[in-house]
Amino acid sequence: MAKSKFEYVRQFEVDDRLMPNCWIVVRLDGKGFHRFCDAHHYMKPNDERGLNLMTRAAQNVMEEFKDILLSYGQSDEYSFVFHKNTNLFNRRGSKILTSVASLFSSSFTLLWPRFFSTQHLQSVPAFDGCVLLYPSDLNLQDYLSWRQADCHINNLYNTCFWKLVQEKGLSHTQAQERLKGTMSSDKNELLFSHFKINYNNLPELYRKGTILIRSQGSSVPDTPTGRGVTLVENHMHTKAGPSILVLHGDFITKQFWEQHPVLLGPRK
């Protein structure tokens with residue numbers, strides 16, 4: 001293509017290539033999702049339809065971008081971990097972020113009717129995001145542990161809050177005041193003494209979020225529904241797609257990383 005006199009404007013483009021040899025994490029968050037959930041009548045404190053839709057959209061992203069080794073989702077957010085040696089888009093941060101965010105958002109919209117068959121979209125779902133770099137394996141592990149700890153803290157609070165509102169008839173303000181200054185042990189006691197709920201017996205999907213990894217050739221038996229399920233040391237493995245496994249486990253202990261050493265190993 002012949003050059004034009006206007007081509008000089010390319011000099012204003014910023015070179016935003018990310019630092020080499022660092023884990024790249026793209027974290028997406030729902031934009032204005034409190035209003036979105038209210039408008040679409042999400043069930044409180046957890047709507048399994050919405051959580052599963054988020055995971056299915058994340059699976060689409062992983063199927064498109066093979067350099068994503070692991071993803072973690074909770075509530076209205078998902079984190080995508082790219083291998084530290086990836087050269088996707090020459091490691092241009094803006095290209096990576098916008099490609100992931102746009103594919104996730106469009107997948108969420110396209111897949112909506114499968115999960116909310118009786119609820120039409122009333123507004124356009126949107127997700128903003130950021131790109132994060134972690135130079136060491138420990139930094140990456142601590143990031144994922146942080147997000148999972150956030151899942152637990154928020155879910156414990158929300159479970160208590162909505163029980164007080166839905167079953168005790170408290171207003172939102174009254175429920176907030178009732179929980180103000182309480183510790184995790186206080187919230188656990190509230191759930192057990194007032195609602196006969198052992199928090200640790202709630203689904204791990206709610207308490208720990210969702211982990212997506214690529215299948216490493218492990219055998220996943222087929223069920224009559226066509227959905228493979230196997231239980232390995234308290235981790236539920238569900239085959240959600242051609243090569244993506246859905247797990248509800250624990251990042252914070254060493255057990256997960258010992259069970260899946262390939263995640264932090266050298267790239268093959």
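Q: How far apart are the axes of helix 4 and helix 6 (residues 184–195)?
A: Keep in mind that we're looking at a predicted model. Helix 4 and helix 6 pack at an angle of about 35 degrees. Their axes are separated by 10 Å.

Q: Is the crossing of helix 4 and helix 6 left-handed or right-handed?
A: From helix 4, the contact includes His-152, Leu-156 and Lys-163, and from helix 6 it includes Ser-184, Leu-190 and Phe-195. As for the sense in which helix 4 passes helix 6, the crossing is left-handed.

Q: How many residues in the contact of helix 4 with helix 6 are nonpolar?
A: Helix 4 brings residues such as Leu-156, Tyr-157 and Leu-164, while Leu-190 and Leu-191 are among those from helix 6. Sorted by class, this contact has four polar and two charged residues. The nonpolar count is seven.

Q: How many charged residues sit in the contact of helix 4 with helix 5?
A: Helix 4 contributes Tyr-157, Cys-160, Phe-161, Trp-162, Leu-164 and Val-165, and helix 5 contributes His-172, Ala-175, Gln-176, Arg-178 and Leu-179. Eight of these residues are nonpolar and two are polar. The number of charged residues is one.

Q: Is Cys-160 buried or exposed?
A: Cys-160 takes part in the contact of helix 4 with helix 5, and also in the contact of helix 4 with helix 6. Its relative accessible area is 0%, and the cut-off for burial is under 20%. So Cys-160 is buried.

Q: How many disulfides does a search of the whole structure find?
A: Cys-151 counts as buried at 5% relative accessibility, and Cys-160 is buried at 0%. A disulfide would need a pair of cysteine sulfur atoms within 2.5 Å. Across the whole structure, the number found is zero.

Q: What separation do the C-alpha atoms of Lys-168 and His-194 have?
A: Lys-168 is in the loop between helix 4 and helix 5, and it's partly exposed, with a relative accessible area of 45%. Beyond its neighbours within four places in sequence, Lys-168 is in contact with Lys-163, His-194 and Phe-195. Lys-168 and His-194 are 26 residues apart along the chain, and their C-alpha atoms are separated by 9.3 Å.

Q: Is Lys-196 buried or exposed?
A: Look in the loop between helix 6 and helix 7 (204–208) for Lys-196. Its phi is near 55 degrees, a positive value in a residue other than glycine. With a relative accessible area of 67%, over the 50% cut-off, Lys-196 is exposed.

Q: Is the peptide bond from Lys-44 to Pro-45 cis or trans?
A: Most peptide bonds are trans. Pro-45 sits in the loop between helix 1 and helix 2. Omega for the bond from Lys-44 to Pro-45 is near 5 degrees, and the bond is cis.

Definitions and conventions:
Residues numbered from 1 in each chain as written. Predicted model: local features only at pLDDT ≥ 70, side-chain atom pairs only at ≥ 80, totals over all residues. Heavy atoms only, no water. Buried < 20%, exposed > 50% of the residue type's maximum accessible area, 1.4 Å probe, protein only. Contact = heavy atoms within 4.5 Å. Helix = DSSP H or I, 4+ residues; strand = E, 2+ residues; numbered from the N terminus. Nonpolar A, V, L, I, M, F, W, Y, C, P; charged D, E, K, R; others polar. Axes fitted to C-alpha atoms, helices over the stretch in contact; angles between N-to-C directions. Left-handed = near helix turned anticlockwise from the far one by under 90°.
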